[in-house]
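Hi,

Here is the structure I promised to pass on. Have a look at it first, and my notes follow below.

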Amino acid sequence: MSNFLKNSFAALLLLLLASCTEQRPAEAQQDSSPLARSTAGPAPASLKGLATATFAGGCFWCTEEIFEELKGVQAVVSGYSGGREANPTYEEVGSGQTGHAESVEIYYDPRQISFATLVDVFFRAAHDPTTLNRQGPDAGAQYRSVAFYRTPAEKKIIEEAIARVNASQQYSAPIVTQVVPFQKFWPAEGYHQGYFRLHPQEGYVRSVSTPKVEKFRHKFPELLKSPL
């Protein structure tokens with residue numbers, strides 16, 4: 001082999017090695033969550049000074065993350081509510097036979113964020129409240145829109161928000177959200193908790209959840225935690 005060919009081959013080999021080395025950080029970045037703080041976890045051990053709200057708005061991977069990002073929210077747990085069975089599993093809820101909807105339970109400090117603000121976010125940015133038993137590609141009663149209330153005052157806030165959003169004509173169709181009294185919330189399996197941040201490259205998260213979360217951030221930048 002001539003010196004010219006030897007030198008050319010050596011140069012090409014060095015270029016390939018350098019290229020591989022430069023790609024590793026990017027690949028590592030793709031495999032890690034874009035947000036530093038994982039949100040996987042149970043309800044707070046102490047509820048002193050906290051209030052609780054429960055909503056259902058389609059796949060809980062997305063709605064959990066949206067409410068986690070609000071200032072004044074201490075924790076959000078994904079789970080199931082609105083059904084008949086005790087301790088339902090993801091598979092049972094997904095069958096549509098238990099009556100539950102994928103829901104989130106929100107633990108918040110009412111001195112920092114009000115129930116009315118949570119309701120506003122729920123109707124205006126957390127999901128589409130005008131589609132019956134459906135959110136995007138997800139169809140079935142387990143994906144229905146539900147606003148649960150614990151007091152008559154909360155019911156009034158929800159009903160006033162529905163009237164206000166309908167009057168604003170933000171959506172081309174009227175809101176079909178169920179407004180029902182809260183009864184019981186069952187936490188989902190551990191692998192569902194904090195799913196959005198733990199699996200940022202999962203196909204559904206990238207194509208469905210992330211656009212919803214980004215839309216919410218754009219609509220309510222003043223409500224976001226810093227850092228998230």
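The cysteines first: Cys62 has its closest cysteine sulfur in Cys59, at 7.3 Å, and that is too far for a bond. A disulfide would need the two sulfurs within 2.5 Å, and a search of the whole structure turns up zero disulfides. Both residues are tucked away, by the way: Cys62 counts as buried because its relative accessibility is 3%, and Cys59 counts as buried too, at 9%. Do bear in mind that this is a predicted model.

How many of the residues of α2 are buried? Nine of the nine, so the helix is largely enclosed by the rest of the structure.

Take Phe60: it forms an aromatic pair with Tyr80, with 5.8 Å centre to centre and 50° between the planes, so by the cut-offs of under 30 degrees for stacked and over 60 for edge-to-face it goes down as tilted. The pair ties distant parts of the chain together, with Phe60 in helix α2 (residues 60-68) and Tyr80 in strand β2 (residues 73-81), 20 residues apart. Both partners are buried. In the whole structure, the search finds 10 aromatic pairs.

Then there is Phe67. Leaving aside residues up to four places away in sequence, Phe67 touches Phe55, Val73, Val76, Val104, Ile106, Leu118, Val121, Phe122 and Ala126. Ring pairs also join Phe67 with Phe55, Phe115, Phe122 and Phe123 in a cluster. And Phe67 is among the residues with the most contacts inside the largest nonpolar core, together with Phe55, Leu70, Ile106, Leu118 and Phe123; that core has 45 residues. Its largest share, eight residues, comes from helix α4 (residues 115-126).

The charged end of Arg150 sits over the ring of Phe182, 3.8 Å from its centre. Lys184 lies over the face of Trp186, at 4.9 Å from the ring centre.

- Asn87, in the loop between β2 and α3 (90-94), has a phi near 50°, which is positive although the residue is not a glycine. Asn87 is exposed, with a relative accessible area of 56%.
- Asn133, in the loop between α4 and β4 (134-135), also has a positive phi without being a glycine, at about 55°. This one is partly exposed, at 29% relative accessible area.
- The peptide bond from Ser226 to Pro227 is cis, with omega near 0°. Pro227 is in the segment after α7 (203-219).

As for the overall picture, the protein chain has seven helices and eight strands. Of its 228 residues, 42% are buried. Counting contacts between residues at least 6 apart in sequence, 79% join residues at least 24 apart. The chain exposes about 12000 Å², and carbon and sulfur atoms supply 56% of that.

Cheers

How values were computed: Residues are numbered from 1 along each chain as its sequence is written. This is a predicted model: local features need pLDDT of at least 70, side-chain atom pairs count only at pLDDT 80 or more; totals for chains, interfaces and linings use all residues. Side-chain values use heavy atoms; hydrogens and water are left out. A nonpolar core is a set of buried Ala, Val, Leu, Ile, Met, Phe, Trp, Tyr and Cys residues joined through side-chain atoms within 4.5 Å. Buried means under 20% relative accessible area, exposed over 50%, partly exposed in between (1.4 Å probe, protein chains only). Helices (H or I, at least four residues) and strands (E, at least two) are DSSP runs, numbered from the N terminus. Contact means heavy atoms within 4.5 Å. Rings of Phe, Tyr and Trp (its six-membered ring) pair if their centres lie within 6.5 Å; planes under 30 degrees apart count as stacked, over 60 as edge-to-face and the rest as tilted. A charge sits over a ring if NZ of Lys or CZ of Arg is within 6 Å of the ring centre and within 35 degrees of the ring normal. Accessible areas come from the Shrake-Rupley method with a 1.4 Å probe; for residues, only the protein chains shown count as cover.
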